[in-house]
Amino acid sequence: MEQRLANTWRMSVNEKKFIETALLADLRVDGRRPFDYRRLTIKFGRQVLEDGSSEVQLGQTHVMGFVTSQLVQPYRDRPNEGSLSIYTEFSPMADPSFEAGRPGEFAVELGRIIDRGLRESRAVDTESLCVLAGKLVWSIRVDLHILDNGGNLVDAANVAALASLLTFRRPECTLGGENGQEVIVHPPEVKEPLPLIIHHLPVAVTFAFFGDGNIVVIDPTQNEEAVMGGRMTATLNTNGDVCAVQKAGGEGVIMQCLRIASVKATDIRSKINSAVEAHNMEKALRKIKRH
Amino acid sequence: MDERPLTSPTSFVDHIVVPGDVVLNLSSMANHTIKLGGGLRQDCDAISVMKAGKLRFSKPNKYWVESSQKRYVPCVEDTILGIVVDSKADNFLVDIKGPALAFLPVLAFEGGTRRNIPKFETGTLLYVRVVKANDGVNPELTCTDASGKAAEFGPLKEGYMFESSTGLSRMLLSSPTCPVLEALGKKLSFEIAVGLNGRVWVWADLSSVGRFSVNAASPSTVILVGNAIMSSESLSGVQQRIMVEKLLQRIQ
């Protein structure tokens with residue numbers, strides 16, 4: 001029992017009270033205003049994990065996204081569609097309360113929110129992943145590793161997923177052989193790998209509610225998450241459509257939140273796009289040098 | 001550097017050392033008695049390092065490695081900030097960011113008797129002193145100084161507590177006063193309690209708000225002090241003063 005007590009992350013009463021009283025005066029303990037987002041940095045794999053890997057830092061929070069692909073048999077009911085699946089990995093290094101191996105309640109929720117935002121809004125074109133109808137399709141797997149928990153894992157993980165999907169390249173494959181039914185997967189040296197077709201970028205923005213729901217802050221830190229009364233994650237895409245909303249407890253002004261979210265989502269999206277562009281540019285430049 | 005022990009020509013004192021470094025050779029320093037602290041080990045004649053950090057030397061003969069980490073290794077006579085986790089008949093269980101929970105005997109208070117056992121709810125923040133830190137046993141704390149007086153020890157009410165690394169809290173406690181606290185203290189009045197286990201508590205009263213921030217409520221002072229301290233870890237003395245100046249300008 002004692003070991004378990006020693007492993008849980010805990011907060012003093014002083015901290016909780018102070019966070020609440022400071023919020024009454026529109027102050028947050030890290031010096032931000034209620035609707036300020038933390039600094040977001042996106043980095044991409046350089047060496048071995050060349051394509052489809054990204055590292056996102058949102059303040060203290062640190063998430064790594066990693067995309068892989070595999071040729072599989074499609075589902076019976078969708079013979080000409082590839083699949084996209086999201087897996088989360090919560091390392092005990094990120095937070096002592098995360099258990100190794102078994103995914104916790106929050107790990108499942110996080111995976112579901114991101115899954116709903118990306119897959120059910122059809123952001124990734126799955127039909128273009130079909131190689132041979134009914135026989136072979138590409139299955140895209142997104143792994144999200146939580147490396148450090150500083151609060152608001154959902155937004156950080158969502159950005160990591162998007163950034164790694166945007167830079168991911170799958171090997172090109174063609175049909176050949178005697179009967180034209182044999183699939184040939186071309187290595188990247190022979191044929192340039194193909195990017196995924198992504199229709200729009202659903203960006204998640206999380207709000208935390210305090211008190212009677214009249215205090216709303218964006219992008220809560222780990223300490224604020226421990227104190228908050230409720231939380232809402234809105235996932236908005238490029239056109240301003242709401243792709244998903246996840247609201248866990250608490251009362252709050254949803255419409256106002258959505259309006260703020262759409263502004264923040266635009267900011268985040270432009271950050272992702274510029275990071276991806278810079279990465280692509282760098283890759284192109286490196287290619288020139290090699291020859 | 002007159003601290004440099006005469007017997008060892010290549011002194012590592014006050015330099016960064018990593019595990020495996022041999023910092024002293026005993027064969028060349030016969031007739032010397034030296035005392036080894038944390039992070040050092042003796043293999044025959046060689047004194048080698050076991051953890052990364054700065055090698056420290058205190059006259060006449062003490063050597064140890066000082067590092068900055070998130071986890072606290074209890075050490076006797078350290079003053080630390082603990083959070084009450086549970087209370088038992090004889091002990092309070094206190095989280096000190098260490099490998100094990102610490103015990104605070106219910107009688108370890110000034111004039112403590114079975115009759116007047118204090119009541120602490122879970123999550124109470126305590127300023128305590130480590131009295132026992134042995135391997136394999138939970139460390140023991142007390143809320144009195146060596147002469148049995150309450151001194152400044154005991155529960156901390158209100159205020160705000162934040163976590164730092166052990167290196168940062170050691171820097172805050174160093175003498176002469178570290179530049180960030182000095183610069184802040186010139187303009188603002190606040191109370192601070194620094195635990196060597198990497199916890200810092202700050203409290204500013206509304207009535208004690210300094211001349212330069214008449215309109216500022218106490219939370220803003222506390223937040224400012226907290227953020228100034230947290231961002232000062234990797235800054236030099238001059239940089240710390242500039243950073244504090246900038247922060248103070250912003251709230252004026």
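The model is predicted. One helix pair lies in chain A, and another lies in chain B. Chain B is divided into three parts: domain 1 (16–66), domain 2 (79–157) and domain 3 (162–251).

**Domains of chain B**

- The C-alpha centres of domain 2 of chain B and domain 3 of chain B lie 26 Å apart.
- Their contact takes 12 residues from domain 2 of chain B and 11 residues from domain 3 of chain B.
- Between them, domain 2 and domain 3 of chain B bury about 910 Å². Carbon and sulfur atoms carry 55% of that area.

**Helices 2 and 4 of chain B**

- Helix 2 (residues 179–187) and helix 4 (residues 237–251) of chain B have axes that come within 8 Å. They cross at roughly 30°.
- Angles under 35 degrees count as roughly parallel, so helix 2 of chain B and helix 4 of chain B are roughly parallel to each other.
- The crossing of helix 2 of chain B with helix 4 of chain B is right-handed.
- Helix 2 of chain B contributes residues including Pro179(B), Val180(B) and Leu184(B). Helix 4 of chain B contributes Met243(B), Val244(B) and Leu248(B), among others.
- The contact residues divide into 7 nonpolar, 2 polar and 4 charged.

**Helices 3 and 4 of chain A**

- The axes of helix 3 (residues 105–118) and helix 4 (residues 153–167) of chain A come within 10 Å and cross at roughly 50°.
- That angle makes helix 3 of chain A oblique to helix 4 of chain A.
- Helix 3 of chain A passes helix 4 of chain A in a right-handed crossing.
- Among the residues that meet are Phe106(A) and Leu110(A) in helix 3 of chain A, and Ala157(A) and Asn158(A) in helix 4 of chain A.
- This contact has 11 nonpolar residues, 1 polar and no charged.

Conventions
Residues are numbered from 1 along each chain as its sequence is written. Chains are lettered from A and ligands numbered from 1 in the order in which they are written. This is a predicted model: local features need pLDDT of at least 70, side-chain atom pairs count only at pLDDT 80 or more; totals for chains, interfaces and linings use all residues. Side-chain values use heavy atoms; hydrogens and water are left out. Axes are lines fitted to C-alpha atoms, for helices over the stretch in contact, and angles run from 0 to 180 degrees between N-to-C directions. Helices (H or I, at least four residues) and strands (E, at least two) are DSSP runs, numbered from the N terminus. Angles under 35 degrees count as roughly parallel, over 145 as roughly antiparallel, 65 to 115 as roughly perpendicular and the rest as oblique. A crossing is left-handed if the near helix is turned anticlockwise from the far one by less than a right angle, and right-handed if clockwise. Contact means heavy atoms within 4.5 Å. Ala, Val, Leu, Ile, Met, Phe, Trp, Tyr, Cys and Pro count as nonpolar, Asp, Glu, Lys and Arg as charged, and the others, Gly among them, as polar. Domain bounds come from an automatic or database domain assignment. Buried area is the accessible area (1.4 Å probe) that two parts lose on being put together, summed over both.
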